[in-house]
Amino acid sequence: MFGASVAFVYVLTGITGNLARTKKLPALYRIVSQLVRENRLGRCRIIGVGSRPKQIAEFRMLVYNACKEHVREFSEHFFSQVLWPLFQYHALDLRDQAAYCRFREIAELARGASRSARLVIDVSVLPELYQCFCEGFRGTLESFGPVDDLTTVLFEKPIGEDRRSAAELLKLMHQVFGAAHAKTWDHFLGKEGFRSMLQHRFSTLEIKRRWNSHHVRRINLSITETNGLEGRVYFARTGICRDMVCNHGAAYLSGLVMPEPRTHHPGDIQAALLEGARSFVPVDPACCNLGYYVRNDESNLPGYPEELAGLGLDAQQLARALSLGTSFAGTLVSRAPAWRNSRYFRLPTGITASGTGFSIEVIKRAPAAKKQVEVCFDRGKENLGMDRLVYHLEPGPASVTAFCGERQLWSTQLGSPCPKEAYEQLLSDVLIDANTAWFPGDQMVLACWDMFEPVIQNQTPEVIEYPACVQALDAGAVYARPMAAAPCGLRTQAAC
Ligand SMILES: NC(=O)c1ccc[n+]([C@@H]2O[C@H](COP(=O)([O-])OP(=O)(O)OC[C@H]3O[C@@H](n4cnc5c(N)ncnc54)[C@H](OP(=O)(O)O)[C@@H]3O)[C@@H](O)[C@H]2O)c1
C-alpha cells in the first residue's frame, strides 16, 4: 500500500522503563519499518524522556538493545541508518513543575514551525505521576496555549485507584488537555486475538444467532500469566484487581456481552463496548476470591511472600500486598437484553442453573500464559452439535475450536498468522491513522471500575494460597467455593 507520507512527533516519557523497552520501542521499530517499506516515512521524530541524564551512547545502547532483543526481523543497517536518527533524549524530572515549559519547547521544536505533524505525548510513567503531569502541563498553558487539534496525550492504565479517584483524574485531564485530546489506553484492546474473536462473533451468522442466554449457559474468561512480581514494587502496592482485573479483564468481559456496533465508526464501537460494561451488575465479593502464589518445590520459584520480603516492605505493607493478591476469580451477572436471564452460578462446573453466568479468572504464576474464552452451550438447545466453543486468543495466532464433549468438531484460525503486537497496533492507530476507536473512553474507564468496585472497596473475598505454576490450578479447581445467594433485587430465572 502506498499513500500520503506520515509525519509525527512521538514523545515517550518513561523511555527507560520496562514497558517502553519491552513493548513500545520494538513497536516503533516495526511501525517505522513498515512506513519505509510503503515509502510513506515523512518527517518523524521520537523524543525519549527519562528522569536521569544520559550520555548519547548510553541512550543509543538502550534503544538498540530493546529493539534487538524484541524484534525478530532486526536489521543493523535499518537501525543505524533509519531508526536511530529519529531519536533524541531529554532528562526531565516530571515531579518538577519547572520542567514542563522545557517539555513543551522540546515537543514544539521537533514539530517545526509549520506544526503540521501529529504530536502524540505518551505518559508512560507510574500512575502516581499522572496528576503531577497534568498540573505541570497546566502551568504551561498561559505561555504556550492549549494543545492543538493534532495533539493526543495518552495515559497508561490504571487510571486512579478506584472509581472516585479515576473520575477526578479524568476531570483534571479534560481541564488541562481538553476531552478530545486526553486518551487512556488499554493494550488488551489492541490485541488481535480479542478483535478477531469479536469479528468472528459478529460475522458468523450461526454464532451470532446463538450468542445469548437462550443458547449459552456459561462464558469463562481466562487470563493467565507465568510471570510473578519480578521486583515490581508498583504491583505489590496495586494488586491483581487494580493492575489487571478492573481494566483488561473488565474490557474483555464487556466485549463478550456488547451488542454489535452499528458501524465501524469509533463512536459506535465505543458505545457498544460501554453498553457491555454498563450491563454488568457490580460483582458480589461473596462470589469471588483472591489468591497469591506460594512456593512450589517442583518449580523452584519463590512464592509471593518471599518475593515481597525482598522489597523491604514493613509488616503492614506486606500484609496489605498479600491481601491484594496475585490472582482473582469471580462470577458476574449481565443485565444486557441478550443476557437477561443471567444469574450467579458455581465455580467450577457442575451447575444446573438455567441462566447464563460469566466467570473471569486472572492468575499470575500460572503454569502457562494464555488468554482464552470458553463459551459453554446449553445442551437442551439446538447448537449445531456443539457443547463448547473455545476462543484461543493468545499466545500465537488466534483460533476458535468447537467441541462436543471431548471431541473436536472443527477449528478455524482467526486473524493473521503473524498477529501484530498490541502496542504496535495501538501506536499505529494513533500515530498513523488517528483512529482511537479501541481506546477506552472515559465512561468506559469508569464503568470498568464500577464492575469491580465492591471488591476494590471491601476486599472481603476469601484470600487463598495456590502453588506457583501448578497445572491443577487450571479451570478453577482451586477456586471452587459455595455459591452465594443472588443479591436482593436480582430476579433470576429460577426465582421467577
Ligand atoms: N510494564 C508493563 O508491562 C506495563 C503494562 C501495562 C501498563 N503499564 C503501565 O505503564 C507505565 C510504566 O510502567 P513501567 O513498567 O515501564 O514502569 P518502570 O519500569 O518503573 O519505568 C518508569 C519510567 O518512568 C520514568 N520516571 C520515573 N520517575 C520520573 C520522573 N520523576 N520524571 C521523569 N521520568 C520518570 C523512569 O525514568 P528513569 O529511569 O530515568 O527514572 C522510567 O523510564 C505505568 O503506568 C504502568 O502501570 C506497564
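Strands E12 and E13 form a hairpin with three residues between them, and glycine 396 in the turn has a positive phi of about 75°. Helices (H or I, at least four residues) and strands (E, at least two) are DSSP runs, numbered from the N terminus. The model is predicted: local features need pLDDT of at least 70 and side-chain atom pairs count only at pLDDT 80 or more, whereas totals for chains, interfaces and linings use all residues. Residues are numbered from 1 along each chain as its sequence is written.

**Strand pairing around the hairpin**

- Strand E12 (residues 388-394) and strand E13 (residues 398-404) pair in the antiparallel sense over five bridges, where pairing requires that DSSP finds at least two bridges between two strands.
- Across this pair, leucine 389 has alanine 402 in E13 as its bridge partner.
- Strand E11 (residues 370-377) also pairs with E12 in the antiparallel sense, over six bridges.
- Here glutamine 372 stands opposite histidine 392 in E12.

**The sheet**

- These strands belong to an open sheet of nine strands with mixed pairing, in the order E14-E13-E12-E11-E7-E10-E9-E8-E15.
- The edge strands, E14 (407-414) and E15 (462-467), each pair on one side only.
- On average, neighbouring strands of the sheet are turned by 15° against each other, direction ignored.
- Strands of a sheet pair through backbone hydrogen bonds, either parallel or antiparallel.

**Helix H10 against helix H15**

- The axes of H10 (residues 233-257) and H15 (residues 442-458) come within 9 Å and cross at roughly 140°; axes are lines fitted to C-alpha atoms, for helices over the stretch in contact, and angles run from 0 to 180 degrees between N-to-C directions.
- H10 is therefore oblique to H15, as angles under 35 degrees count as roughly parallel, over 145 as roughly antiparallel, 65 to 115 as roughly perpendicular and the rest as oblique.
- Cys241, Arg242, Val245, Cys246, Asn247, Ala250 and Ala251 of H10 meet Cys448, Trp449, Met451, Phe452, Val455 and Ile456 of H15, with contact defined by C-beta atoms, placed from the backbone, that lie within 7 Å.
- By class, this contact of H10 with H15 has eleven nonpolar residues, one polar and one charged (nonpolar: Ala, Val, Leu, Ile, Met, Phe, Trp, Tyr, Cys and Pro; charged: Asp, Glu, Lys and Arg; polar: the others, Gly among them).

**Domains**

- The domain assignment, which is automatic or from a database, gives domain 1 (6-156) and domain 2 (192-420 + 438-479).
- The C-alpha centres of domain 1 and domain 2 lie 33 Å apart.

Conventions:
Contact = placed C-beta atoms within 7 Å.
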